[in-house]
Amino acid sequence: MRIYFTRLLSLKSLIILGFVIAVMPHFLGVMYASFAMRETAGLGRTLNYQIFEQTKTIRQVLQKASDIERKARLFVLLSDPALRQPYERQSYESVRGAFKQALDELLKLHVDNKIALLVNELSEKENLIYQQIIGSTDNTTISMPIDKAFQGLRESSNNLSRQFEQHVEHEFNELRRQSESLEQGLLVKGTILLIISIIFIVALLIALSRSMRQLDASIRRLGSGDLAEPIAVTGPADLRYLGDRLEWLRTHLMTLEVSKQQFMNNVAKEIELPLKQIRESAQRVANEAEQEPLEPRQDIAKNLCANIEKLKSVSEELIRYSQINSQPAMKLKEHINMKDLLESVIDQFQTDLDAKSLSLKKLVRPVRISGINGQLRSIIEQLLANAVKHSPANSEIRIMLRDSGTQMELEIEDEGPGIDPDERERVFEPFYRGKAAENTDGTEGSGLGLAIVREYVANHQGKVDIIDSRQDQHGARFRVQIPLTEEV
């Protein structure tokens, strides 16, 4: 399902989708936090307003209760009806009415049941005091001790005040608990959204990295000349299009490779037959020259045989060069100890080194790489053969092999005439001979040696360069770099 989904999208769409997925959780988190904070702020404002109104009304109730007690005591002191004035009862009734109104206003504020019960209790005790005082207007004796009645009124007022304080504390504790719960909820939801975002981003990165790895592996195979395996890239449409173009390039390179091999083989075959006939004729001339010693005739026969051998060598190297990337056996890689391989090649050249009194200066470290034994041996042989060929007698050849951390480095440097900077790229072209070839002892190679070296190094995803000589030195200095680990 994931692969099918990525196939419907382009790389641009996936980038936009990844950006949206990365931003969306944060946007949702901010929106949720905004609404939650607004809700909490609204709840806090409502609670503060209710507490403020209830506190103000409670204070009025307690104040009116105190006023009633004061008016009632004054009314009782004037127990003689003859001494009482009409306005005194009116004043008492007025204070009592204000008290009842304050109680009604408090009940309208939707207080909790405990406060409502205490309000009713306070009202009943006030009514009891009123009934006793009014009833005593005709009867001078009061049925209940007035101090005890007022004490009950004060106790009810104090109970109402304490209960309201507890109510306020409870409401603010609830508000704090809701705020803490909101904070925890925001943390949990933010974490969940972040995890979801990370999961989607990782899924997109996996889909893209899979396609990029396929492209990278395909390009590496093309660079190393491995054209056998078809190129198939899955993922977004843009990357699949690049994969299709690489597949077209692979088939085109295969066609060119086949054409090149056919051309090289045909040329070699066309050279081989007349070359065989010329070799036989030259051999007969040489045999006749030995029987009839004529110096000019012997020189011609020797020169003819030498050129025939050179043509044969060129023909063989031409076939070898054309089959570099076509032989299945050359694709088999193994772990190779380059130090041991280098030492064995040096042993093969010991006779040539002694013939020119050449000395070797080696700085060789153990290096193991994955590669093709035959190709790596040919690289060392060709570079060392060039160094021996162009080195003057009694000179020195310097060889360095080391592990640079990510790749193997092999350097071979001689004290010959060197290679001009403007020729350093062209010497790797087939059949190209630079100025240094003019200063040799007259023996010429096939012109394909360094071209084959470059192809073999490319097969190992490496590179070969001609670099400047060390300070106070001269000659040619070749450096081969091959990765230690090869990604496939």
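Gln 163 is buried, with a relative accessible area of 15%. Buried means under 20% relative accessible area, exposed over 50%, and partly exposed in between, with a 1.4 Å probe and protein chains only. Gln 163 sits in helix 5, residues 146-223. Leaving out residues up to four places away in sequence, Gln 163 touches Asp 112, Lys 114, Ile 115 and Leu 118. Contact here means heavy atoms within 4.5 Å.

The model is predicted: local features need pLDDT of at least 70, side-chain atom pairs count only at pLDDT 80 or more, and totals for chains, interfaces and linings use all residues. Numbering runs from 1 along each chain as its sequence is written, and side-chain values use heavy atoms, with hydrogens and water left out.

Now the whole chain. The protein chain has eleven helices and seven strands. Helices (H or I, at least four residues) and strands (E, at least two) are DSSP runs, numbered from the N terminus. Of the 488 residues, 36% count as buried. Take the contacts between residues at least 6 apart in sequence: 74% of them join residues at least 24 apart. The protein chain exposes about 29,000 Å², and carbon and sulfur atoms supply 56% of it. Accessible areas come from the Shrake-Rupley method with a 1.4 Å probe; for residues, only the protein chains shown count as cover.

Helix 10 covers residues 373-390. Its 18 residues reach 26 Å from first C-alpha to last, close to the 26 Å expected at 1.5 Å a residue. The expected span is 1.5 Å times one less than the number of residues. Buried residues in helix 10 include Gln 375, Leu 376, Ser 378, Ile 379 and Ile 380. Leu 383, Leu 384, Asn 386, Ala 387 and Val 388 in helix 10 are buried too.

Next comes the partner of helix 10. Two packed helices are described by the angle between their axes and the distance between the axes. Helix 10 and helix 11 (residues 449-459) pack at an angle of about 145°, with their axes 9 Å apart. Axes are lines fitted to C-alpha atoms, for helices over the stretch in contact, and angles run from 0 to 180 degrees between N-to-C directions. From helix 10, Gln 375, Ser 378, Ile 379, Gln 382, Leu 383 and Asn 386 take part in the contact. From helix 11 come Gly 449, Leu 450, Val 453, Tyr 456, Val 457 and Asn 459. The residues of this contact divide into six nonpolar, six polar and no charged. Ala, Val, Leu, Ile, Met, Phe, Trp, Tyr, Cys and Pro count as nonpolar, Asp, Glu, Lys and Arg as charged, and the others, Gly among them, as polar.

Helix 11 has eight of its eleven residues buried, so it is largely enclosed by the rest of the structure. Among them are Ala 451 and Ile 452.

Two loop residues deserve a look. Asn 394 lies in the loop between helix 10 and strand 4 (396-403). Its phi is near 60°, a positive value in a residue other than glycine. At 62% relative accessibility, Asn 394 counts as exposed. Gln 461 follows helix 11, and its phi is positive, near 55°. Gln 461 is in the loop between helix 11 and strand 6 (463-466).

Strand 6 holds Val 464. At 10% relative accessibility, Val 464 counts as buried. Its contacts, not counting residues up to four places away in sequence, are Phe 428, Val 453, Arg 454, Val 457, Arg 479 and Val 480. The C-alpha atoms of Val 464 and Gln 481 are separated by 6.4 Å, and these residues are 17 apart along the chain.
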